Amino acid sequence: MLLSILVPLYNEEEFVGHLLERVLQAPLPEGMGREIIVVDDGSTDASIEVVQQLVNSHPSVIRLICHERNQGKGAAIRTAIRQASGDFCLIQDADLEYDPREYPRLLKPLLEGRADAVFGSRFVVAGERRVLYFWHALANRVLTLMANIVADLNLTDMETCYKVIRTRLLQSIPIRSERFGIEPELTLKLAQREARIFEVPISYYGRTYAEGKKIGFKDALEALYTIARFALRQDIYAHPGGHTLDALTAAPRFNRWMADTIRPYVGQTVLELGAGIGNLTQLLLPRRKRYIASDIDGEHLARLTSRFGHRPALEVRYCDVANADHFADLKGAVDSVICLNVLEHVENDCLGLENMYRALQKGGRAIVLVPHDQQIFGTLDTALGHHRRYSREELCQRMKHVGFRLENVLEFNRVSRYPWWVAGRVLKRQALSASQMKLFDRFTWLWRRIDNRLPWPAVSIVGVGVKH
């Protein structure tokens, strides 16, 4: 285990050396190492020289990265996040307001697997805090209240500078704020990603403005603007494929249409391959005796655990459809394999079908939905990582080749064919937007009634194969 400690630095020559010494000596859970990434944000004092001396003494632990000009705390943290290689990222200001001896308390919910992010709260009473400015504390509470209203949280200290977040989750979130707006931005985006956020009490030794405190009224206004800005947009994935998956959460009627299409073929014990963030899982899970939701993306698995970990019939599992080793203990384990929009991502799709066949009981069904028709392959497919789009004949041939008896082949979603072609071939888009999906979803009742009557090919086809 490795902890990445991210230190944004600007004109702290008096304090940063003492701070880094404390960080080096801070207790960590057994077996955990540390890396310290200091990003100097254009300091005009001797901060860089102070840090460089410590880098020379601890070259394997401390790294120093320098911005040519001052850009703001958010920009510095964004640079540090890109360089982080630990399991968790802890943001540590370069002053002495927060105590590194409290690292074990902050890390405990993460190490126990209960949390994705932990905020150190100055207002949960359990430690020491220096009594300072009333108006500053009031502003913090107002900003926390506004963030809670927008994000539907019950935090006590959104503006805390002690935040610890799983590194892969943090690196998958785009950060736009340059200055202190990073605190509400991160809070809102973690909430929108349905991350499990915990708070723990921390001690706080705040500075006065005479002692060098940098945040002020202007930053409070920026925080309010940031809350309003990100309340109205779903900018929570750095990768376009994530945007598309998230956009599909804004289309519950469309997801229900897809689930209803395959539901007649789904049995009581299910393996869902490529469950993503659980858009179909939540619809197909009820009344199943056993439901294995699997994926190869760690953030998808974390979100599945967050959304459905309390459901007794559900098991979240890392499983690569193209890796036979991942199916070694699944031989004959289920009566249904659901594989929706996954096989096109696999270079050796026949191996993927063989693994599905292996996981099924005799007489069990594989329900395989794939994108249809190579003629509409475009930038959307490329951004989503598609190797191909299938013809009806190609899908049937591959399923029969591994031993399946084809029970049915369904065409699904003809209505989207030309919008998909325009978005991917004409406009060269790389993601579907949530607003587009919401608009499309609103008329799903109509699409369901007319889809089978449209004269052109569907966007997707579903093969239902039975194991002999």
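Predicted model: local features only at pLDDT ≥ 70, side-chain atom pairs only at ≥ 80, totals over all residues.

Helix α10 (residues 252-262) and helix α17 (residues 434-442) have axes that come within 7 Å and cross at roughly 60°, where helices (H or I, at least four residues) and strands (E, at least two) are DSSP runs numbered from the N terminus, and axes are lines fitted to C-alpha atoms, for helices over the stretch in contact, with angles from 0 to 180 degrees between N-to-C directions. Residues are numbered from 1 along each chain as its sequence is written, and side-chain values use heavy atoms, with hydrogens and water left out.

**Contact of α10 with α17**
- On the α10 side P252, R253 and F254 meet F440, D441 and R442 of α17, contact meaning heavy atoms within 4.5 Å.
- By class, this contact of α10 with α17 has three nonpolar, no polar and three charged residues (Ala, Val, Leu, Ile, Met, Phe, Trp, Tyr, Cys and Pro count as nonpolar, Asp, Glu, Lys and Arg as charged, and the others, Gly among them, as polar).

**Contact of α1 with α2**
- The axes of helix α1 (residues 16-25) and helix α2 (residues 47-57) come within 9 Å and cross at roughly 30°, which makes α1 roughly parallel to α2.
- V16, G17, L20 and E21 of α1 meet S47, V50, V51 and L54 of α2, and the residues of this contact divide into five nonpolar, two polar and one charged.

**Overall form**
- The secondary structure of the protein comes to 18 helices and 14 strands.
- The radius of gyration is 25 Å, close to the 23 Å that the globule rule gives for 468 residues, so the protein is as compact as a globular protein of that length (the radius is taken over C-alpha atoms, and the rule is 2.2 Å times the number of residues to the power 0.38).
- Along its principal axes the C-alpha trace spans about 75 × 45 × 40 Å.
- Among contacts between residues at least 6 apart in sequence, 79% join residues at least 24 apart.

**Burial and N355**
- Of the 468 residues, 55% count as buried (under 20% relative accessible area, with exposed over 50% and partly exposed in between, using a 1.4 Å probe and protein chains only).
- N355 has its place in helix α13 (residues 349-359) and is buried, with a relative accessible area of 0%.
- Leaving aside neighbours within four places in sequence, N355 is in contact with V321, A322, N323, A324 and F327.

Notes. Parallel < 35°, antiparallel > 145°, perpendicular 65-115°, else oblique.
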